[in-house]
Amino acid sequence: MTTSLPRSKVKKNQTWNAESVFSSPKAFDAEVKKLLEDLVPIKEFQGHLGDSLDTFIKAMDAIEKISQRAAKVQVYATMSSAVDTGNQQGAAMNGKAMSALAQVGAVTSFVDPELLAIGETKLRQWLKDDLRMKLYEHYFNDLFRKQAHVRNAEVEELLGMLRDPFSSTRITTTMLANADFKFKPARNKNDKKVDLTQSTFDAILNGSDRKARQTAWENYNDQYLEHKNTLAGNLTTSIKQNVFNMRARKFNSSLESTLFNGDVPVEMFHNLLTIFKKNLPLWHKYWKVRRKALGVKTLHPYDVWAPLTTKKYKVPFEKAVDYISEGLAPMGDEYVSVMRKGCLKDRWVDWSPNAGKRQGAFSTRVPQDTHPFVLMSYTDDIGSMSTLSHELGHSMHAYYASRAQPMFYYLYPSIIAETASNFNQAMTRAHLLKTNPDKFFQIALLEEAMDNFHRYFFIMPTLARFELETHQRIEKGQPLTADSMIELMADLFSEGFGGNMNLDRERVGITWGTFTTHLYIDYYSFQYAIGISAANAIAKRILEGAPNAAEDHINFLKAGSSQPPMDVFKSAGVDMTSTQPIEDAFEVLGSYIDRLEILTSK
C-alpha cells in the first residue's frame, strides 16, 4: 500500500516561502496583536471624513495600510492550515486571522455610509479640487451606484461583525472534509490497497487502473454520503446567510444581490445557462467518443478522467515550468521571467503531495510586498502541468494588479478572476499542440483540454443551476434536505449525461457536498465559465497577431477592480456583455471533441 508523504518529510524547494510573509508563527501572533491595537486610531476618523479633503485622504491611507497588513495575516494563516489540515496550530492561526479580518471590516465599515451622508455634490467637487482625489473617482462612482443598498453606519458595522460567524459554516465544512475525513483505501486491479486522501484522489482518477478509479470514486463519495446531513445543514445555513444579506440590503433575490455587488449584469448568468443547455448535445457526443476510445461497454462517472492511451508522458515540475514559459512567450520577457523566477527561485509554489494537504489547488491574492503563492499536489503529468499553468495565471494577475493598484482596487472582482488562469492554459496548450505532432502527445493534450472544459463548461454551469434552484427554494421558505439536494443534483447530471453514462444517483447526487469551497462563495461557480470564455477570446487575439493584444492583456491584469468589470474585459479586447465569447468557447470545445474523435479512431 502506497502512503502519502508526511508534511515533515517534504523537501524545502517543494514548499512555498511562508517565511517571507512572517518569520515564524510567533511573529504572526505578534502582528495579529499589533494589528488589533492599531485599529483604535482608525476609529478616530469616524464622523470626521467630511471635515476636509486632507482628513479623508489621511483616513483612506490609514485604512489602506491596515488592510494590507490584514491581508498578509490572512495569507499566512491560510498557508499554515492548507498544507496540513490536521495541524492544530494552523487551524488556530486560521481562526485568529478570520477574527482579525472581521474586526478590521467592522471598524472600517463606517466609510461608505459616511461618504453617502457627505453627499455626491461635495465629493464630486473634491475630485475637481485636488489631483490626489482622481484615484477615488471609480470608488465614488461605484459607491453611488450601490447607494440604495448601503445601510446606515450602525447596520453596516453589524453586517461587518457578522462576517466572522458567517464564515464558520465554510470553515467547518472545509475542516470536516480535509482534516476529519478518513477515506477507505481504494483497491487496484491486483486487489492491493491504494492510499486515498484529498491529495491523491485526482491522481487515482487520472490513472489507467479502472478498478482503482472505481473504488476510489465510490469510497470518496461514500464518505461524503456518510456525512450528508451535516454537509446539507452547513450548505443550507450558508444559503440562508446569503438570503439574509440579500434582504438586509433590500434586493429582490440573492442572485441579483450578488451580481449587483460585483457590477455584473444578471442577464450574463441566464445567458450562460441558456447557451449551456443548448450545447448539451456537444457533451453527449463527447461521452460517446470517450466510451469508444476507452473500449468499455458502459461509461461510468469514474471514467471521465481516465487516460485514453496507455502511453505515459512524464512531465517533471521543472519541465512543466519550461513548457508553460514557452507557451507564454508571446506575453514578453518580463511576464515569463517573473513567472519562472517565482517557480524556480522564489518558491511561489507548494507542489509536493503530502498527507493532510488540502484538496485541489489555489493561488493567493496578496499585497505588493508578498509573493502570490500557489498550493497544489503535483504528480509529474500533463494534468498537473495544466493545473500549474492555471494557478500561475492567477499569480501573475495578482502580481501585476498588486503593483499597479492600491489595496482597494487590486483585489479584482470574481467575475474576472478565472480569465487570467484559463488564459495561461489556453496559451500553453496551443503552443504544445502546434510544436509536438506526436499523436499520443496530442491525445494527452486534448484530454487535458477536455478535463479543463469539463470542469469549467460542464461541472460549473451544472453547479450554477443547482445554486439557483436551492437559493430560490430558501427564498420561498421551502426546506432543503440532504436527500432533496441529492435528487436535484442527480437530475441535473442526468440531463448533462444524456443517457450516455451509468448514473449512480446517490454518488453523483452528493457532488454538491464535495465542493466545500465553491458553493460557499455565492454564485461563484458560473463565473468559471465566463472566465474560460474570455480567456479563449483573449488567447485567440494574441495567437492571431492582433495589434497590441499582449499589451492589452497586461493592462487587463493591471486593472484589478479600478474600472467596472465589463470595461476591464473590454480593455483586453473582449466584449463580455455579448454572448459571442461564450458561443465561441463552445465552438472551441466542439473542435477539441472532433479532433479527439479523429485521433482516437485511427
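User: A polar contact is a pair of N or O atoms within 3.5 Å; within protein, one atom must be able to donate a hydrogen and the other to accept it, and residues adjacent in sequence count only if both atoms are side-chain atoms. With which side chain does the side chain of tyrosine 400 make one?

Analyst: The partner is the side chain of glutamate 334, at 2.9 Å. Please note that this is a predicted model, in which local features need pLDDT of at least 70 and side-chain atom pairs count only at pLDDT 80 or more, while totals for chains, interfaces and linings use all residues. Residues are numbered from 1 along each chain as its sequence is written, and side-chain values use heavy atoms, with hydrogens and water left out.

User: Is tyrosine 400 buried or exposed?

Analyst: Tyrosine 400 counts as buried because its relative accessible area is 5%. Buried means under 20% relative accessible area, exposed means over 50%, and partly exposed lies in between, with a 1.4 Å probe and protein chains only.

User: Where does it sit, and what does tyrosine 400 touch?

Analyst: Tyrosine 400 belongs to helix H19. Helices (H or I, at least four residues) and strands (E, at least two) are DSSP runs numbered from the N terminus. Leaving out residues up to four places away in sequence, tyrosine 400 touches Glu334, Tyr335, Ile554, Leu557 and Lys558; contact here means heavy atoms within 4.5 Å.

User: Ile554 and Leu557 are in H27, then. Which residues of that helix are buried?

Analyst: In H27, residues 549-559, the buried ones are Ala549, Asp552, His553, Ile554, Phe556, Leu557 and Ala559. Their cover includes helices H18 (333-344), H19 (382-404), H20 (407-410), H21 (414-435), H26 (525-543) and H28 (565-571).

User: What lies on either side of H27?

Analyst: Asparagine 548 lies in the loop between H26 and H27, and has a positive phi of about 60° although it is not a glycine. Asparagine 548 counts as exposed because its relative accessibility is 51%. After H27 comes glycine 560, with a positive phi near 55°.

User: How does tyrosine 523 look: what is its phi, and is it buried or exposed?

Analyst: Tyrosine 523 is not a glycine, yet its phi is positive, about 50°. It is placed in the loop between helix H25 (511-514) and H26. Tyrosine 523 counts as buried because its relative accessibility is 0%.

User: Changing topic: how many residues are in the largest nonpolar core?

Analyst: There are 149, of which Trp283, Val349, Leu388, Trp512 and Phe526 touch the most other members. H22 gives the most to this core, with 18 residues. Apart from it lies another core, of 50 residues, among them Ile42, Val73, Ala100 and Leu127. A nonpolar core is a set of buried Ala, Val, Leu, Ile, Met, Phe, Trp, Tyr and Cys residues joined through side-chain atoms within 4.5 Å.

User: What about pockets? How much space is in the largest one?

Analyst: The largest pocket holds about 800 Å³. On a 1 Å grid over the protein atoms alone, a pocket is an open set of points with protein on both sides within 12 Å along at least five of seven lines, a cavity is a set where a 1.4 Å probe fits but cannot get out, and lining residues have an atom within 4 Å of a point. Grid points are joined across faces, edges and corners, and a volume is the space filled by probe spheres set on the points.

User: Which residues lie nearest the centre of the largest pocket?

Analyst: Of its 32 lining residues, Ala203, Asn206, Gly207, Thr379 and Asp381 lie nearest the centre. H22 gives the most to this lining, with 4 residues.

User: And the second largest pocket, how big is that?

Analyst: Its volume is about 550 Å³. The lining has 26 residues, with Ala430, Asn536, Ala539, Lys540 and Leu543 nearest the centre.

User: How many cavities of 30 Å³ or more are there?

Analyst: The count is 2. The second largest cavity, of about 30 Å³, is lined by Met385, Ser386, Gln425, Thr428, Arg429, Leu432 and Glu448. H21 supplies the largest share of that lining, 4 residues.
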